[in-house]
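Hi everyone, thanks for coming.

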Amino acid sequence: MPGNGKKKAQVYQRREVPRDQHNVSRSVISEPAKKVLSRLNNAGYEAYLVGGGVRDILLGKRPKDFDIATNATPEEVHDLFRNSRLIGRRFRIVHVVFGREVIEVTTFRGNAAEADNDNTDDDRKTSEHGLLLRDNVYGNQEEDALRRDFTVNALYYCIRNFTVVDFANGIEDLRNQQLRLIGDPETRYREDPVRMLRAIRFAAKLGFDIEPETEAPIQALSQLLTHIPPARLFEEVLKLFSAGHGEATYNLLTRYNLLAPLFPETVRAIEAGESDELIRQALRNTDARIAQGKSVTPYFLFAAMLWPALQKEWRQRQDNGDPVQPALHGAIGKVIGRQVQATSIPKRFSGPMKEIWELQMRLPRRQGKRAFVTMSHPRFRAAYDFLLVREDCGEIEPGLGDWWTEFQRLDERGQERMLSELSNDAPKKRRRRKPVKRPAP
Ligand code: ATP
Ligand code: MG
């Protein structure tokens, strides 16, 4: 039953902002994006820069990528560009590929709100929850604008006459730094619950407020995200945490009940008293890395996001009498098994994530050849970084991280010396655990 609680329909008016009244200049648009726009125009089609590209330029930011909307069908676009491929997920879109830059070209889509009533066509379907299952009805530019998510994402830039076209008061919301859904918020969230995550992502990234009517339904509807395929949610989680505002994003997700559908076990563990300080510290580090232009690996991120759940499960198993190592393995299996029901974790990431966790047990054990073996592990560096985060957030006593920092810096002789000092100091330095049975040095 989509559309319950429908409010008065907003009335929007098309506005054109001429070139001398906005700061979009052709020079900030990438060459590939310009190439696609002009070739489409020259072939007689309408084509506009749209979405984040226009929004971010208007805000004086560097766009992450450039999206283009056109009245050419996907096949027509594909025919025009040899370097393009048709992508058919929920929407049929075209990717035009220029080396590492991909320009996403979408055909104008039909108006979401009206099609529910008068379109029984197979191309546009909603589920019983109002979820949009397919959305392949083509439309004109205005309809295309009104089926976009936020008003600030529905601005079009035309490279022919240099105007910005605004169908939904996006310019005004941009000026007021507000995220406002186009249309009735509840209906729009039901159509696609991922829009709730997009609200959080843009709020954190742009420092915008979520306008009150857009904000109001989120908490109550957050569980709708459990209807979204785990693979899509995995992609959204990466976008949420790798935009350089991970900590702010985490706080907003928590505030709006949106962490639970993404990381149910983590939320359960935190509610049961586990600390989330490691998550926060890891996200702070991630944000700093991104600010320095470094990359973030999904497996590190997931290792951190699931750590409270792992800790809880691991401890429970030890309390039930499992020895520490089998308890860890059992906990890892269980935590991952549950997580992939919410977000998928592709094997190429879940493997390294497990290794980061397992190495946490090996990092303290350095005697003999062990330190060398551990250091040659392909995941050593990530595990060492993870150890530093654990120390930074006070989960473990400081010291071990510095030891490894020094050990990596030294040559083999220095390393041997560190190891022999370690054996001499061992009884004192060890944390209060069972004394280790070892012949006296
Ligand atoms: P960025 O690329 O910086 O993350 P963006 O706004 O460009 O932000 P994209 O995911 O690239 O986001 O999508 C491009 C545009 O497509 C959006 O600006 C919006 O107009 C539209 N769009 C994307 N996802 C949705 C959605 N779930 N519902 C409605 N419109 C959407
Ligand atoms: Mg984009």
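Let me begin with a definition: a charge sits over a ring if NZ of Lys or CZ of Arg is within 6 Å of the ring centre and within 35 degrees of the ring normal. Please keep in mind that what you see is a predicted model. With that rule in hand, look at Arg19, which lies over the face of Phe162 at 4.0 Å from the ring centre. There is also Arg366, placed over the face of Trp403 at 4.6 Å from the ring centre.

Phe234 belongs to helix H11 and Phe302 to helix H16, so the pair ties together parts that are 68 residues apart in sequence. Are these two buried or exposed? Phe234 is buried, at 2% relative accessible area, and Phe302 is buried as well, at 1%.

Phe302 also pairs with Phe263, with the centres 5.6 Å apart and the planes at 55°, so here too the pair is tilted. Phe263 sits in the loop between H13 and helix H14, while Phe302 is in helix H16, so this pair links parts 39 residues apart in sequence.

Now over to the ligand. Of the 17 residues around ligand 1, those that come nearest are Arg55, Lys64, Asp192, Arg195 and Arg201. A polar side-chain atom of Arg201 is 2.7 Å from an oxygen atom of ligand 1, and one of Asp67 is 3.1 Å from an oxygen atom of the ligand. Gly52 takes part through its backbone, with an N or O atom 2.9 Å from a ligand oxygen. The protein covers 89% of the 580 Å² of accessible area that ligand 1 has on its own.

Which elements give two or more residues to this shell? They are helix H2 and helix H8, and H8 gives the most, with five residues. By class, the shell has 13 charged, three polar and one nonpolar residue.

One last stop is the backbone. Asn169 is not a glycine, yet its phi is positive, about 60°. Asn169 is in the loop between strand E10 and helix H6. Asn257 likewise has a positive phi, about 65°, and is found in the loop between helix H12 and helix H13.

Conventions:
Residues numbered from 1 in each chain as written. Chains lettered and ligands numbered in written order. Predicted model: local features only at pLDDT ≥ 70, side-chain atom pairs only at ≥ 80, totals over all residues. Heavy atoms only, no water. Near = heavy atom within 4 Å. Polar contact = N/O pair within 3.5 Å; in protein donor to acceptor, adjacent residues only side chain to side chain. Areas by Shrake-Rupley, 256 points an atom, 1.4 Å probe, with all protein chains shown as cover. Helix = DSSP H or I, 4+ residues; strand = E, 2+ residues; numbered from the N terminus. Nonpolar A, V, L, I, M, F, W, Y, C, P; charged D, E, K, R; others polar. Buried < 20%, exposed > 50% of the residue type's maximum accessible area, 1.4 Å probe, protein only. Phe/Tyr/Trp six-rings, centres within 6.5 Å; stacked < 30°, edge-to-face > 60°.
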